Amino acid sequence: MLSAEDNALITRVGPGTPMGKLLRCYWMPFLLSADVQADGRPERVKLLGEDLLAFRNTAGDVGLVQERCPHRRASLYFGRNEACGIRCIYHGWKFDVDGTCVDLPSEPEGSNFREKIHLTAYPCVERCGFVWTYMGPLPAPPLPRFEWMDLPESHHVASMRVQNTNWLQALEGEFDQSHVSYLHSRLQVDDGHARSLVDRIRFADRHPVFDVINMPYGTCIAAGREAPDNHRYWRVSQHLMPFFALTGIYGPDPKRPWRAWVPMDDTNVVVLGVSYHPLRPLTAEERDWETSRSSVSNIAPQFRAAISSQPFGRYRPLASLENDFFQDRELQRTETYSGIPEFWAQDASVQTSMGLICDRTEEHLGTSDMAIIAVRKRLLTAAKELRDDGTLPAEIANPNWYQVRSDAVIVPAGEAWFTATTQRRAVTPGANPDCP
């Protein structure tokens, strides 16, 4: 459990909070590039408790600025995006992507008032279909170098989804490997479905042994289960500071998952995902499966909310606590452990049921929670060091530290997982992911 003080510190992300200040030290993805068109409709955005607006100007540059006009506080969402700027429809004040006021038509000619007006604006860059922003003190650090960011477009597919809960309890689900044997399981391993070896292992051994190692970029987490013939199955996940996650996939030619749990505010999070293959293009079938499984914009109509102009309004799911995430009690009785049909909704249902911000003073953690404890400790330590000493996290100045992979292997029971996966966790063959 956490103290009430630490729980507030680690979950609250608004301006001026310790965790908010820490998260602002990192570049964060927040939008798909395709969602903003040149001279097109602006997009409302909410990040770290701030109401913002994203738009692409005539030249193709993306801006992220405060939503409200500094004149009379009207929303620039209703503005005219034209001629390399967003113009407020109330009195015609116009701003560029960097927040510079470029026109004040309501003021007399010769007035220098325009020079005193500026929108809060955050720098943006685009990589592999995502728009990233940096909301911290300038100069901005380099972008983290995730493996998929250097791949051709054909090798990856993106997804987005809003979840109405605090960012931390959502992120923690990535590293809670014991829940896979329950929440995502079927009641019978031999139920007429083609069950994989890993499914059978998870069904037989439902209490994995955890090992956690602190790394330069975050935390490396291994969950080990008994496997046939005196072997052990290890699933190796990576927590990369502050809110990035890689989970291990077993197989000879696996697609690799990457996710970012970016806080909108204290009680909402947007999750951005990439499924990619480092060596080959994804097939049409793989793309269809990934989008139908994890992207709200492509899931079945009964699970998709109506698109709205609210922040990330096209990525809000219909499944929620109000409709019990479409849980089917007959399905739960006869086929699946949860009875919730959508895979992502299985996680969202339990995480949302914890409350908008989980009260961690009431938790009772066990040995299967070692990974969660380690991730919390890393985040708390970084936030307190920045708050108390002004110490910046080392990883923000070392983008190559993010050049790592997750993994999943079956090795002899006596073989150390960390040694067995050292080279497999390296993006570049021969590199050592365990050293700066």
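A: **From strand pairing to ring pairs**

Strands β2 and β3 (residues 50–56) are paired in the antiparallel sense over five bridges. Two strands count as paired if DSSP finds at least two bridges between them. Strands here are DSSP runs of E with at least two residues, helices are runs of H or I with at least four, and both are numbered from the N terminus. The model is predicted, so local features need pLDDT of at least 70 and side-chain atom pairs count only at pLDDT 80 or more, while totals for chains, interfaces and linings use all residues. Residues are numbered from 1 along each chain as its sequence is written, and side-chain values use heavy atoms, with hydrogens and water left out.

Within this pairing, E43 has A54 of β3 as its bridge partner. The two strands belong to an open sheet of four, in the order β2-β3-β4-β9, with antiparallel pairing. Strands β2 (43–47) and β9 (121–122) stand at the edges with a single partner strand each, so one side of each has no neighbour in the sheet. In a regular strand, side chains alternate between the two faces of the sheet.

The side chains lead on to the nonpolar cores. A nonpolar core is a set of buried Ala, Val, Leu, Ile, Met, Phe, Trp, Tyr and Cys residues joined through side-chain atoms within 4.5 Å. Buried means under 20% relative accessible area, exposed means over 50%, and partly exposed lies in between (1.4 Å probe, protein chains only). The largest core has 83 residues, and L47 is among those with the most contacts inside it, together with W132, W148, W167 and W258. Helix α8 (residues 370–389) gives the largest share of this core, seven residues. A second, separate core of 15 residues includes F55, W93, V97 and I117.

W93 also takes part in a ring pair. Rings of Phe, Tyr and Trp (its six-membered ring) pair if their centres lie within 6.5 Å; planes under 30 degrees apart are stacked, those over 60 are edge-to-face, and the rest are tilted. In the whole structure, 19 aromatic pairs are found. One of these is W93 with F113, an edge-to-face pair with 5.9 Å from centre to centre and 80 degrees between the planes. Because W93 lies in the loop between β6 (86–87) and β7 (94–95), and F113 in the loop between β8 (101–103) and β9, the pair ties together parts 20 residues apart in sequence. W93 is buried, at 3% relative accessible area, whereas F113 is partly exposed at 29%.

Another pair brings in W258: its ring and that of F130 have centres 6.3 Å apart and planes at 45 degrees, so the pair is tilted. F130 in strand β11 (residues 130–134) and W258 in strand β17 (residues 256–263) are 128 residues apart, and the pair links these distant parts of the chain. Both F130 and W258 are buried.

F146 is in turn touched by Q403, whose other contacts include R145 and R425; contact means heavy atoms within 4.5 Å, and residues up to four places away in sequence are not counted. Q403 lies in the loop between α8 and β19 (407–412), and Q403 is buried at 16% relative accessible area.
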